[in-house]
Amino acid sequence: MDLGAFSVSLPVSDLDASRAFYATLGFEVVGGDAEQGYLMLRNGTTILGLFAFDGMDFSSPMLTFNPGLDGATFGETDAFTDVREVAGALEADGRRLEQTPEAGTGPAHLVVLDPDGHRILVDQFRDAP
């Protein structure tokens, strides 16, 4: 199963202040939309997502995987496992999803808890090939 790029998603209260702080540590903006309340930052192969909006539950940090994005460059990959297939595999293994992906194709996400209660987000940005 190809889950794509790995990042940590952080809820932030002030997107500009957080971007500036992480810029001091060498992170550069590689994606997102500040007007919509989120930015993706990269320093080498380390990726952080900063989220300052209410569209999803970002009340605590989450481990995040992005099917269709390469972890080294944060560019698009040719092939990846659709988030709906990931959801099916988790459910078949008896895992309860906190949030399930929308039916159909294209962008969607899921949230599942690991055995220790850590939230894991699988967030797909585009149609699977």
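**Strands, fold and surface**

Reader: Ok, which residue in β4 is the bridge partner of P11?
Author: That's F51. Strands and helices here are DSSP runs numbered from the N terminus, with strands being E of at least two residues and helices H or I of at least four.

Reader: How reliable is the model, and what's the numbering?
Author: It's a predicted model, where local features need pLDDT of at least 70, side-chain atom pairs count only at pLDDT 80 or more, and totals for chains, interfaces and linings use all residues. Residues are numbered from 1 along each chain as its sequence is written, and side-chain values use heavy atoms, leaving out hydrogens and water.

Reader: How many bridges join β1 to β4?
Author: Four, and the two strands run parallel. Pairing takes at least two DSSP bridges between strands. β1 (residues 5–11) also pairs with β5 (residues 62–66), in the antiparallel sense over five bridges, and V8 has L63 as its partner in β5.

Reader: What pattern does the whole chain follow?
Author: Along the sequence, β-α-β-β-β-β-α-β-β-β, so the chain is as compact as a globular protein of its length: its radius of gyration is 14 Å, close to the 14 Å from the globule rule for 129 residues. That radius is taken over C-alpha atoms, and the rule is 2.2 Å times the number of residues to the power 0.38.

Reader: Switching topic, what share of the residues is buried?
Author: 39% of the 129, with buried meaning under 20% relative accessible area (1.4 Å probe, protein chains only).

How values were computed. Buried < 20%, exposed > 50% of the residue type's maximum accessible area, 1.4 Å probe, protein only.
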